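I opened the model to look up a few local features. My notes follow in the order I took them.

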Amino acid sequence: MGLTLMITGAGGFLGRAVVDEAQAREHEVRALTRDDLDLASGELPTLDGVDCVIHLAASLSGDEAVQARDTVEATRGVIEAMQAQPLPPRLVLASSIAVYSADAKGVVTEATPLEDRPNRRDAYARAKLAQEDMLRESGLRHTILRPGAILGPDRVTTAHLGPAAGGTLILMERGGEVPVVSLADCARAFVLAAEMPGEGRALNILGPDRPTRARYLAALRRTGWPRRVLPLNWRLVMPLAWLLSPLGGRLPGLLRPAILRARMRPLRYDIAAAEAALDWTPQDDFETAFSRAVEGGG
């Protein structure tokens, strides 16, 4: 028997795919887009009959003010509206693997420490940490999903390689896994999470085949970009980043030590917890997900 799902951010990149997946699984969808209302107002449409809210609305970029308005305050508004219900529905939150410590090493699992010094990270990571904190303190039944970079139409590059300018990429690391997931696999994970009881769990959502940076670069080059690759080991940049660290937020992200480490450390990732908790088996290997994204598919 289908559920009634309210999906915020339903007009966005991930939101459209989650709506399609939910409808394919015969759930009733109440889709909310940015044009429908200001989530920060705390005045959601009626939640009567809603079994679960999938909260995807957020900003993927922007400064502190943008993240505060579009991510943090929007989440606060959703939580407060749900708390006002006599029997609040469950909540599935879209977080990010960006919440993990910049000092993480080895294999990143859900037991890996979260960033305990948010001020040293970028506005996006701080907003995601704030979202998770609010939800854990809310008393709502919930599940937190932490996707990596989502491969989909017009989204094939990643900051985990290094900075780019025009046709040039500065490649700052070749090892470790690039934390990616296909749009289709990610959307399915969110709908499966909505179908499960809210257990207060946080789960990593990544593809089954996570390429090294060298393999990712090879796939990118087959598209004709980048035309030039300049190798520059990120560890050589660290002394300059530390020297400039008193300038703080005025610096580009890759000249801030913690952001540089968070993006470039050669890590591996584990998704066993999500596979078991959601009965989720991601289907798309890297080449399939990448090719579909280049061709404009999910």
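Predicted model: local features only at pLDDT ≥ 70, side-chain atom pairs only at ≥ 80, totals over all residues.

Entry 1, a sheet. I looked up an open sheet of 3 strands, ordered E8-E9-E12, with mixed pairing. Its edge strands are E8 (164–165) and E12 (228–231), each pairing on one side only. I took helices (H or I, at least four residues) and strands (E, at least two) as DSSP runs, numbered from the N terminus, and two strands as paired if DSSP finds at least two bridges between them. Strand E9 (residues 168–171) pairs with E12 in the parallel sense over 4 bridges. I noted Val229 in E12 as the bridge partner of Leu169.

Residues are numbered from 1 along each chain as its sequence is written, and side-chain values use heavy atoms, with hydrogens and water left out.

Two packed helices are described by the angle between their axes and the distance between the axes. For helix H6 (residues 234–244) and helix H7 (residues 257–264), I noted axes that come within 9 Å and cross at roughly 165°. The axes are lines fitted to C-alpha atoms, for helices over the stretch in contact, with angles from 0 to 180 degrees between N-to-C directions. I then listed the contacts (heavy atoms within 4.5 Å): Trp234, Val237, Met238, Ala241 and Trp242 in H6 meet Pro257, Leu260, Arg261 and Met264 in H7.

I found Arg126 in helix H3 (residues 123–138). Arg126 counts as buried because its relative accessibility is 18% (buried is under 20% relative accessible area, exposed over 50%, partly exposed in between, with a 1.4 Å probe and protein chains only). Leaving out residues up to four places away in sequence, Arg126 touches Glu64, Pro118, Asn119, Arg121 and Arg256.

Most residues other than glycine have a negative phi, and most peptide bonds are trans. I noted a cis peptide bond joining Trp225 and Pro226, with omega about 0°. Pro226 lies in the loop between helix H5 (213–221) and E12. Glu26 has a positive phi, near 65°, and sits in the loop between helix H1 (13–24) and strand E2 (28–32). At 66% relative accessibility, Glu26 counts as exposed.
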